[in-house]
Structure formats: structure tokens, C-alpha cells
Amino acid sequence: MNPETLKHTLTIAKYPIALTGAGISVASGLPTFDISWNDIPARKILSREYYYKYPKQFYDFYREILRWNNVQPNAAQRVLAKYGVTIITQNIDGLHQKAGSTEVIELHGNLRQLICEKCNNKYPSEKSTQEVVPVCSCGHNLKPDIILFGDQIYYWEKAKKVAEKCDLLLVIGTSLQVTPANILPTIVRRNNGKVIVINKECENLFNKLL
């Protein structure tokens with residue numbers, strides 16, 4: 001798809017949404033989760049089993065990815081904000097909000113806060129930089145407000161409702177291999193919406209729209 005065609009499509013769409021994955025943030029300098037830390041695959045660390053069994057090591061890795069808070073949004077995220085596209089994202093980096101998007105459904109949580117699974121108290125993520133394993137006032141260990149492997153995703157019903165009424169879905173930076181997010185294009189097509197997949201040449205395409 002060329003930039004002018006995409007621009008026209010975004011302009012005429014009544015309710016465009018974007019489903020984004022890790023690939024959209026690569027242009028901002030962030031990796032996908034196909035990485036390792038101390039020779040341990042990130043996907044293994046970001047699991048409920050690892051979090052409960054090795055909380056100190058888990059938080060050592062978490063403090064590394066907290067550095068993502070210093071990263072700036074790229075052209076793709078800024079263009080989506082510019083056109084007022086509603087975002088459904090699998091990312092935890094908060095770059096869509098930094099770019100100016102106001103409607104963001106974070107299926108996998110975020111890096112902004114920690115939560116207590118016992119009493120539901122919430123704390124800013126900076127607390128994890130002050131304690132080896134951050135603890136709630138109730139005495140229970142805090143968990144980052146991100147979806148770990150083995151968790152149920154957030155806001156799925158809301159995401160489905162958004163997909164049911166959209167007339168244009170942009171799939172950006174995701175291979176659609178993770179369920180249930182990969183069901184969303186089917187929902188859109190079933191309701192006569194258009195689906196456009198933008199993975200290759202993503203950065204060049206959106207740079208031309210700014």
C-alpha cells in the first residue's frame with residue numbers, strides 16, 4: 001500500500017482501529033520478546049511460574065525493561081494518534097499514549113504500575129527501583145501490571161466490542177500468532193469491515209504520512 005492510499009483510507013473511515021504488536025515499536029529502538037537475559041529467554045522470565053518461583057530474578061529483568069519508559073514514539077504511533085485511530089495493543093511500552101492517542105486498549109497491561117493481587121492496591125512502577133522485590137502495605141509481593149504467560153488478557157470484551165463496530169482495522173507490527181488477539185480481524189471482516197496488514201516497510205510508510 002502506498003502512503004496516499006493509506007491516507008485516503010484513514011480519512012474516509014468512520015471508525016478506524018489499529019491492532020498493534022511489538023513490531024510497531026522496533027523503530028523506536030525496542031526489541032521484540034524474542035530476546036534473552038542472562039541466557040534465559042524473556043518469554044520464560046515473563047511467566048507466572050517464573051515470577052512466583054524467582055521473584056528477585058524476575059524483578060532484575062523487569063527493571064531492565066523499565067528503561068523502555070525513556071523511549072520516544074515513532075512515526076507509525078504518531079500517525080495513528082494524528083488520525084484519531086482507536087488502538088488495541090499487545091504492547092506494554094505506553095508509546096501510543098506518548099504519541100497522543102487517547103483511546104488505547106492495553107490487552108497485555110503496562111509498565112506504569114504495580115498491583116497487589118491480594119488487596120488490589122496499585123503503586124507506580126518506580127517502587128520496583130526502591131525495593132529488591134516490592135511489597136504492598138498489606139505485606140503481599142507486588143506484581144507488575146503486565147500480562148504474564150499463563151495470565152488472562154485484559155479488556156478482551158471491550159476489544160471485541162470495538163472490533164464489532166469498526167469499518168477499518170489496521171494490523172501493524174504483529175504476526176497474528178497470539179490468541180485471542182488474532183481473532184479480531186475475523187470479527188471485523190464478519191461485520192463487513194476492511195482489514196489491512198502493515199508489517200513490512202512499516203517505518204517507511206508511516207514516515208511519509210507525517
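Student: Where does P180 lie?
Tutor: P180 sits in the loop between β9 (168-172) and α8 (184-190). Keep in mind that this is a predicted model.

Student: What kind of peptide bond joins T179 and P180?
Tutor: A cis one, with omega about 0°. Most peptide bonds are trans.

Student: And where is L176?
Tutor: L176 is also a residue of the loop between β9 and α8. Its phi is positive, about 60°, although L176 is not a glycine.

Student: How exposed is L176?
Tutor: Partly exposed, with a relative accessible area of 26%.

Student: What about D39, what is its phi?
Tutor: Near 65°. That is a positive value in a residue other than glycine.

Student: Which loop is D39 in, and is D39 buried or exposed?
Tutor: D39 is in the loop between β2 and β3 (40-41). D39 is exposed, and its relative accessible area is 76%.

Student: New topic. Which residues of helix α4 are buried?
Tutor: Helix α4 covers residues 55-65, and its buried residues are F58, Y59, F61, Y62 and I65.

Student: Why are they on the same side of α4?
Tutor: Because they cover an arc of only 160° around the axis. That puts them on the same side of α4.

Student: What do the buried residues of α4 pack against?
Tutor: Several elements. Among the helices are α2 (42-45) and α3 (48-53). Among the strands are β2 (36-37), β6 (109-116) and β8 (142-146).

Student: Is C116 buried or exposed?
Tutor: Buried, with a relative accessible area of 1%.

Student: And C166, how far away is the nearest cysteine sulfur?
Tutor: The nearest is that of C202, 18 Å away. C166 is in no disulfide either. At 2% relative accessibility, C166 counts as buried.

Methods: Residues are numbered from 1 along each chain as its sequence is written. This is a predicted model: local features need pLDDT of at least 70, side-chain atom pairs count only at pLDDT 80 or more; totals for chains, interfaces and linings use all residues. Side-chain values use heavy atoms; hydrogens and water are left out. Buried means under 20% relative accessible area, exposed over 50%, partly exposed in between (1.4 Å probe, protein chains only). Helices (H or I, at least four residues) and strands (E, at least two) are DSSP runs, numbered from the N terminus. The arc is that of the directions from the helix axis to the C-beta atoms. Contact means heavy atoms within 4.5 Å. A disulfide is a pair of cysteine sulfur atoms within 2.5 Å.
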